[in-house]
Amino acid sequence: MDRSAANAVARRIEALGIPLAVDWYVVGGSGIGVGLVEDEGLPLDIEASLPLADLGLPAPGVEGHGSHLVFGRMGGRRVCIQTGRIHPYEGHPIAVCVAPLVAVLGDRPAGVVLTCAVGALDPDLRAGQIALISDQMNLFGPTPLVGPHFLDCSALYDAGLRTRLQAQAAGMGLGALPEVVYAHARGPQYETPAETRALRALGGDVVGMSTTYEAIAARFLAAKVAGVAVVTNAAGEDDLSHEDVKEQGRRVRGRVVALLGHLLGTAP
Ligand code: HPA
């Protein structure tokens, strides 16, 4: 993995007197990230809120994404929340897209929660549902690994974290959350009907333009990874707009906050 961008970010954070070590690192997806740190967000005692731009990173250009790295404490655990994503489809090198995550994780053990908006490939999934990612397909997508890093991806998403999130969901009366395979699409265009059928036939349950490369980077750094996906639409549907995707993300984020609220206060 090319860590030069991440190392530069790490040096800037440390130069501000902010320690890097965290128990949890959370990435906020479309319509979700900003809500995690707002008034009705996670019960976080905020230590520092750093604009990504001040760390030498491109601020996410996608509407509905935040632009900060927020460090804080929750129930005795130290947490960092990246309120917005840097996507490869914005033209940024993959090493830059994962730089904040790689900078903060370093090689220290931690838990990572990747949240995202997704389109449904499985016709049984409905907009507004929360799903847990159990596996992914990044066959054609960008990977942060460079060189002979033959990473074992047989259990990229941690089964123990999924069990804990399922227990939390049951306690919230949400029932069993669907566990899904995330298929990566490069974007930024939405999928054609033919692409939607192809991704479904390949084994995808949901489709999105992010997350998979972060999961690979986090796993490479030996972090435990959970993926929490908000279904915002049926993939390939007519008249799909980013407005609708953001709006659905916003509607569900209270439930996402409640789901993560307990997990982030415990050990990864
Ligand atoms: N396709 C790809 N990414 C997405 C979608 C979609 O339908 N919805 C939200 N993110």
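Tutor: In this predicted model, a polar atom in the side chain of E191 lies 2.7 Å from a nitrogen atom of the ligand. N233 also brings a polar side-chain atom to 2.7 Å from a ligand nitrogen. For T232, the separation between an N or O atom of the side chain and a nitrogen atom of the ligand is 3.5 Å. That value can still be counted as a polar contact, because the cut-off for such a pair is within 3.5 Å.

The burial of the ligand can be considered next. Taken alone, the ligand exposes 260 Å², and the protein buries 95% of that area. The space that the ligand takes is the largest pocket.

Which elements give two or more residues to the shell around the ligand? They are β5, spanning 111-120, β8, spanning 206-208, and β9, spanning 224-234. Of the elements, β5 gives the most to this shell, with three residues.

The shell can also be described residue by residue. There are 13 residues around the ligand, and those that come nearest are A117, G119, E191, T232 and N233. By class, eight residues of the shell are nonpolar, four are polar and one is charged.

The peptide bond that runs from G187 to P188 is cis, with omega near 0°. P188 is found in the loop between β7 (179-184) and α6 (193-202). The other feature concerns T211, where phi is near 65°, a positive value in a residue other than glycine. T211 is found in the loop between β8 and α7, the latter covering 212-220.

The protein contains eight helices and nine strands. Its C-alpha atoms fill a box of roughly 50 × 45 × 35 Å, taken along the principal axes. Why does a radius of gyration of 17 Å agree with a compact globule? With 268 residues, a compact globule would have a radius of gyration near 18 Å, so the 17 Å of the protein agrees with that expectation.

Methods
Residues are numbered from 1 along each chain as its sequence is written. This is a predicted model: local features need pLDDT of at least 70, side-chain atom pairs count only at pLDDT 80 or more; totals for chains, interfaces and linings use all residues. Side-chain values use heavy atoms; hydrogens and water are left out. A residue is near a molecule or strand if one of its heavy atoms lies within 4 Å of it. A polar contact is a pair of N or O atoms within 3.5 Å; within protein, one must be able to donate a hydrogen and the other to accept it, and residues adjacent in sequence count only if both atoms are side-chain atoms. Accessible areas come from the Shrake-Rupley method with a 1.4 Å probe; for residues, only the protein chains shown count as cover. On a 1 Å grid over the protein atoms alone, a cavity is a set of points where a 1.4 Å probe fits but cannot get out, and a pocket is an open set with protein on both sides within 12 Å along at least five of seven lines; lining residues have an atom within 4 Å of a point. A molecule sits in a cavity or pocket if more than half of its atoms lie within 2 Å of its grid points. Helices (H or I, at least four residues) and strands (E, at least two) are DSSP runs, numbered from the N terminus. Ala, Val, Leu, Ile, Met, Phe, Trp, Tyr, Cys and Pro count as nonpolar, Asp, Glu, Lys and Arg as charged, and the others, Gly among them, as polar. The radius of gyration is taken over C-alpha atoms; the globule rule is 2.2 Å times the number of residues to the power 0.38.
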